[in-house]
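Please examine the structure shown here. The questions that follow concern helix packing and nonpolar cores.

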Amino acid sequence: MDKPSRQAPDPHRIGILPIPGFALMSHAATVEPLRAANLLAGRTLYEVIHIAPTCDPVCSSGAAQVMPEAGLADDLHLDHLFLVAGGDPATYPARALTPWLSRQARAGMVLGGVSGGPIILARAGLMGGRRMTVHWEYAAALAEVAPDLRIERTLYVIDRDRMTCAGGTAPMDMMHALIAAHHGRAFAREVSDWFMHTEIRPPTGPQRSGLVERVGTQSAAILDAVEAMEGNIADPLSLPHLAQIARLSPRQLNRLFRQHLGQTTHGYYRRLRLDKARNLLRNSAFSLTEVALATGFASSSHFSRAYRAEYGQPPSKYR
């Protein structure tokens with residue numbers, strides 16, 4: 001297999017800025033393809049530089065730490081910069097980081113976000129007018145605070161000088177595209193094969209399993225109803241409306257839900273909304289009232305009662 005020419009230009013300089021609480025899987029899926037590209041090419045195609053605002057190690061969500069090799073004041077001459085974030089990126093204190101990111105953008109650097117990293121780019125005002133994606137857990141919170149952003153529920157998005165991806169294993173697909181653009185598809189395939197990543201997913205691939213797998217039934221009526229529920233979390237649909245969508249009577253729809261899912265239509269819908277509420281509690285700085293309204297509850301007290309009945313503790317304790 002052809003290797004990148006030894007007469008190729010200087011290595012691409014890739015900055016990795018891990019945010020405290022980042023997921024190790026997302027970090028590895030971003031960095032490891034670049035390391036493998038160097039190994040398989042027999043020379044340095046990519047210089048990877050870890051950056052942090054301080055010289056202290058950056059802790060992942062587990063036990064791993066990354067030691068930064070450069071700071072914000074260093075003259076780095078990067079080609080790409082990727083922010084890798086997990087936890088609650090919406091509350092990350094980015095006051096010092098935002099002006100630095102803005103300067104990199106003005107200098108023409110390609111900026112990327114991994115998992116929750118796109119949220120920090122969006123908060124810095126650097127995603128306006130560009131398509132983007134983010135990990136599905138963060139999508140609802142981001143859409144609530146920035147409804148004008150063009151958020152797509154896909155694995156990754158490359159829009160001119162911005163690269164965003166959903167995290168997890170999605171960076172491997174995005175890095176395949178990056179390596180292919182720099183060194184050709186054949187070599188990018190060799191890098192992916194190194195990790196037994198033999199099924200390269202397109203950027204438009206889904207972030208989550210299909211509706212059939214998530215719901216656990218192939219009943220067309222139930223799937224139609226659940227799809228409508230997922231699209232109407234903040235303004236819940238009535239049982240007659242859901243039944244109309246499923247082309248059944250309310251009684252027939254309830255019978256199907258009990259038969260296939262072991263609960264009523266209303267019970268399934270309530271659990272779906274409460275699950276979304278847990279997501280917002282974990283991944284946003286919304287108040288309890290804001291979470292309640294975003295998930296279709298009339299008040300924070302109504303939400304708290306439903307949450308306690310479902311999970312055995314108040315929502316404030318979960319946060």
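**Helix packing and cores**

Q: Which residues in H11 do Trp136, Glu137, Tyr138, Ala140 and Ala141 in H4 meet?
A: In this predicted model, contact requires heavy atoms within 4.5 Å. On the H4 side, Trp136, Glu137, Tyr138, Ala140 and Ala141 take part. Their partners in H11 are Lys276, Asn279, Leu280, Arg282 and Asn283.

Q: How do the residues of the contact of H4 with H11 divide into nonpolar, polar and charged?
A: Both helices contribute to this contact, including Tyr138 from H4 and Leu280 from H11. The division is five nonpolar, two polar and three charged.

Q: Is H4 roughly parallel or roughly perpendicular to H11?
A: The axes of H4 (residues 136-145) and H11 (residues 265-283) come within 9 Å and cross at roughly 80°. Angles of 65 to 115 degrees count as roughly perpendicular. Therefore H4 is roughly perpendicular to H11.

Q: Which elements give two or more residues to the largest nonpolar core?
A: The largest nonpolar core has 33 residues, and Ile51 and Trp100 are among those with the most contacts inside it. The elements that give it two or more residues are strand E5 (80-85), helix H2 (97-106), helix H3 (117-123) and H4.

Q: Is Leu178 buried or exposed?
A: Beyond four places in sequence, Leu178 touches Tyr46, His80, Phe82 and Met163. Buried means under 20% relative accessible area. Because its relative accessible area is 5%, Leu178 is buried.

Conventions: Residues numbered from 1 in each chain as written. Predicted model: local features only at pLDDT ≥ 70, side-chain atom pairs only at ≥ 80, totals over all residues. Heavy atoms only, no water. Axes fitted to C-alpha atoms, helices over the stretch in contact; angles between N-to-C directions. Helix = DSSP H or I, 4+ residues; strand = E, 2+ residues; numbered from the N terminus. Parallel < 35°, antiparallel > 145°, perpendicular 65-115°, else oblique. Nonpolar A, V, L, I, M, F, W, Y, C, P; charged D, E, K, R; others polar. Core = buried A, V, L, I, M, F, W, Y, C linked by side-chain atoms within 4.5 Å. Buried < 20%, exposed > 50% of the residue type's maximum accessible area, 1.4 Å probe, protein only.
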